[in-house]
Amino acid sequence: MLETLSSLADGFGVALTFQCLALAFLGCLLGTVIGALPGLGPSNGVAILIPLAFSLGLAPTPALILLTSVYYGAMYGGRISSILLNIPGDEPAMMTTLDGVPMARKGQAGEALALSGFASFFGAFFATWGLVFLAPLLVKVALLFGPAEYFALFVLAFATLGGVASTNQAKAAFAAALGLAIAMIGVDSQTGVPRFSFGQVHFYDGIDFLVAIVGLFALSEVFVFLEHKSSLKKSDTSGIKLGRITPPLWMLRKTFPTMCRSTLFGFFAGVLPGAGASLGSFISYSFEKQLVDRENTFGKGDPRGVVAPEAGNNAAAGGALVPMLALGVPGSGTTAVLLAMLLALNITPGPLLFQNNPDVVWGLIAALFIGNFMLLALNIPLVGMFVRVLMIPTHYLMPGVAMISFVGIYGISGSTFDLIVMVVFGVVGWVLRKLDVPLVPVILGVLLGNLMEQNLRRAMTISDGDWGILFASPLSIGIWTVAVVGFILPIFMARRLRRKLEREVTASDVD
Amino acid sequence: MKSIRALCVTGLIAFASGGATTAFAFEPESPQCIAPSGAGGGWDFTCRQVGKAMQDQKLISSTMRVVNAAGGGGGVAYAEVVNKMNDDNDLIVAASSATATRLAQGAYPGNTMDQVRWVGTIGADYGVIGVAADSPVNSLTELMDQIKQDPSSVNFAGGSAVGGWDHLKVLLAAKKSGISDVRKVKYVAFDGGAEAVVQIMAGTVQAFTGDASEAKGFVESGDLKVLAILAPERLDGEFASFPTAKEQGIDVVGANWRGFYAPLNMSEEAYDFWVNSVGEVYASAEWKKTMEANGLAPLDLRGAEFEDFVRASVNDIESLSKEIGLIK
Amino acid sequence: MSDRVFGGIGLLLGVFFIWQATLIPLSFISDPIGPKTFPIILGVVLSLSSVAIMLLPGGSADWPGMRTFAELSAAVAVLIAYSFVLPLVGFVVSTIFAAFYLCLRLGAPLKGAAIGGVSISLGIYALFHLVLGLSLARGPWGF
């Protein structure tokens, strides 16, 4: 314990130089912007800035400080466009749209931004402490997860979907299956055969989830605006209220237990390689909803619905560093890029990293703390500025968003084919919105589909095709139990709620 | 980086061409290396180490951009290069025995080795077979005996797809040790060697097949026990303690060469540039150190010689796969 | 009504997906459940949920009239054209036109849309290319 603290102090000694602080500031700023832009998320944000770190000729520690600041900055920034524009800036911020947008529509955009900023800080801050003290212990938790347990975990994520994303379980199930089906497109990584590619080589590498997310959310939003433009002109933009730019104290107090729980959930989701920040924010939200949503206010602008995913995904970002540093296994797309960065600097993450390169590890951890405080300091005052984005008239804002979406995708892949696929996703997204089919499960499906299938197949190989392996360990039985409860409970709750509604509404009022 | 790009652009459209003068007939404007695996895999290592070495030795003037294109055991990247980037002069792609294996087995659908140009090697990485440090099994022969008695009791985990190089090595060893139906040997594919080792540590699988460089860190940390290295004789340095399969009476050598291929329609100047650059990296003293630190054994082939080598190994693996019964 | 049609289309999609899954060629060596099983399970879930939507439809969607429909089709056409033209004429020029069109159709005045198109294009170029160093489509004029 004491040893850990003194190592950490050494780390701060490395990180608290003027150069490092300046880099942390730069990284946080760029990261926030990158996170807020649709199509650019933490992983490609870090990837984009790796050349910068090299061309500046930075030493390993300052380079890592720059990149982790970008990483954390992007995790913070993703929420901004989620709340203001209903377009997640990156995939972990997807869940934040569910309650963030209704809050903004109620004139509480400033509160939502400030509150989520604080929740992000809270999640990231305690996750970093978790990283400091629990990393060696947590590695053992990751080792409890074999392929069967991973598969159960993914089932859990999808089983709890129904109650979260829509009032209609069938539509939520449809959306999830659609997303998973889209993920099946491409070359099968177990056997190398192409699937659902219709002879198109472009489909061999599958559908990038960024293309899907930008199309489904950002472009379909543009179409929605085009559709309703006549009714927009009169009412929108001019009447929008900024609201407060700090969260009121009662809101902080009310959401505090949520923050603690979500940080815990998110952190553990992050520690599991492969699960990552998206699952962290998702699980945090759905658990919180089932736990505390008694008045059915989630999805209608409940501050707790903003706090849960933000604390969750930022905590997961910290958690994902555990397997990356201690095992050399990246837990998410972003940590994969960070891992690549470490390798390029001739540092091999793995079981010996803490012994062989303590200066790098503790410098990095100190950098995370610095980045956190800097982001909090940077984000709260900037809330007022962010909210002003809403003052831009829609007929300039939405074309800008559309064009940024195209650049985000094209800049990464350089492929016209991807752009066309994105437009198709935009149209599909518009149709699904019309039909009241939730989009979040689609994205979650695209994101997790391959991992889910590969783990099922690994488990089945190990067991020689015996499906019993999926329920063989106490851990997997536990996960399955939670999944089943999570699936059934919302159905009963919905029935009870419907009965309650029926009592309130007169019998003549038929839909 | 920006200014170089700007110079090349203006050079192309013949504005101020006086600004761009270089020593080489060709110099990549924005050098790029595709690693057909996720970050942290062997191909990724190849791209990053060589990219860094080239920059350090001033062979390229800007950073080598490393793009990870995982999937299909390298097939995704291969198809991408053949179909989309066929005339890209700035591009090299990391390759290894795994690439040749999958080409030989027709596992890159519709692609053959003649659709790209083979640049050169930067060394070879010998295969290892290992088990968890606390496993009761202490030698390769013991492990093989256990498989003979009950094939379902041992799951091999490796970083390549089913039928890939990591898988093939195990089958080779099994065949040489007298297991007749090698298809019964179980293999689970993971995304890269690190993930496979983690599953060994977790105890969900029993044996590891991979390369010496992938195993090294986990051996040092005491999580993995190497039963055999598939080299003709023991390696030097830190790897000297690994017994060869040969000395245990199982005569298998599995060298995973590491190198690069490039797009087929790359200009002749560009191809020569990359062949020379890879050669200079290989010859440098720094690279010798990198090879030593990562367990790479010498293997120096370039240009036409390398092309012949790949052709030979594709043919070898093809006949081997047929012999074992993997393909018809 | 919308939901019933949607359920029907979803069912067709699910069946199509299962059919396509059965056509996946098998590799020379495979794991116990192979590349087909999981997609088939997904096809079944897709079909079952579609049937559920068909049998228990929710509210009906509010579809736009022909005019709005034409408006949306035009926007889709412009965006697809943009995707093709982008690598040919470069980022800045093609984006000016695409953004101009969208601004105009979303209700900006002609002059405003022109200014909007130019500033969106240049603004993105500055941020993505000059600050973040992404390589955007480079046309014959180098931008």
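Trainee: How do helix H4 and helix H17 of chain A pack against each other?
Mentor: In this predicted model, H4 (residues 60-85) and H17 (residues 358-387) of chain A pack at an angle of about 35 degrees. Their axes are 8 Å apart.

Trainee: And what is the handedness of the crossing of H4(A) and H17(A)?
Mentor: That crossing is right-handed. The word applies if the near helix is turned clockwise from the far one by less than a right angle.

Trainee: Which residues meet there, and what makes a pair count as a contact?
Mentor: On H4(A), they include A:Leu64, A:Thr68, A:Tyr72 and A:Tyr76; on H17(A), they include A:Asp359, A:Gly363, A:Ala367 and A:Leu375. A pair counts if the C-beta atoms lie within 7 Å. By class, the contact has 13 nonpolar, 8 polar and 1 charged residues.

Trainee: Where does A:Leu264 lie relative to A:Asp359?
Mentor: The two are 95 residues apart in sequence and 28 Å apart in space, C-alpha to C-alpha. A:Leu264 has its place in helix H11 (residues 249-271) of chain A.

Trainee: Why is A:Leu264 called buried?
Mentor: Count its neighbours: A:Leu264 has 20 C-beta neighbours inside 10 Å. The cut-off for buried is 20 or more, so A:Leu264 counts as buried.

Trainee: What makes up the largest nonpolar core?
Mentor: That core has 324 residues, and those with the most contacts inside it are A:Leu67, A:Ile443 and B:Val93. Helix H5 (residues 96-143) of chain A gives the most to this core, with 22 residues. Take A:Ile443: leaving out residues up to four places away in sequence, A:Ile443 touches A:Glu91, A:Met94, A:Gly179, A:Phe209, A:Ala212, A:Ile213 and A:Leu216.

Trainee: How many residues do chain A and chain C bring to their contact?
Mentor: Chain A brings 54 and chain C brings 59. On the chain A side, H18(A) gives the most, with 12 residues. By class, that side of chain A has 31 nonpolar, 11 polar and 12 charged residues.

Trainee: Which parts of chain C carry the annotation "transmembrane region"?
Mentor: An unreviewed UniProt entry puts it on residues 6-26, 38-56, 76-102 and 114-137 of chain C.

Trainee: What do residues 38-56 and 76-102 of chain C look like in the model?
Mentor: Residues 38-56 of chain C are 95% helix and 0% strand, with end C-alpha atoms 27 Å apart. Residues 76-102 of chain C are 96% helix and 0% strand, and there the end C-alpha atoms lie 11 Å apart.

Notes. Residues are numbered from 1 along each chain as its sequence is written. Chains are lettered from A and ligands numbered from 1 in the order in which they are written. This is a predicted model: local features need pLDDT of at least 70, side-chain atom pairs count only at pLDDT 80 or more; totals for chains, interfaces and linings use all residues. UniProt positions are given in the numbering used here, feature names are shortened, and annotations may be inferred rather than shown by experiment. Helices (H or I, at least four residues) and strands (E, at least two) are DSSP runs, numbered from the N terminus. A nonpolar core is a set of buried Ala, Val, Leu, Ile, Met, Phe, Trp, Tyr and Cys residues joined through C-beta atoms within 7 Å. A residue is buried if 20 or more other C-beta atoms lie within 10 Å of its own, exposed if 12 or fewer, and partly exposed in between; C-beta atoms are placed from the backbone. Two residues are in contact if their C-beta atoms, placed from the backbone, lie within 7 Å. Axes are lines fitted to C-alpha atoms, for helices over the stretch in contact, and angles run from 0 to 180 degrees between N-to-C directions. Ala, Val, Leu, Ile, Met, Phe, Trp, Tyr, Cys and Pro count as nonpolar, Asp, Glu, Lys and Arg as charged, and the others, Gly among them, as polar.
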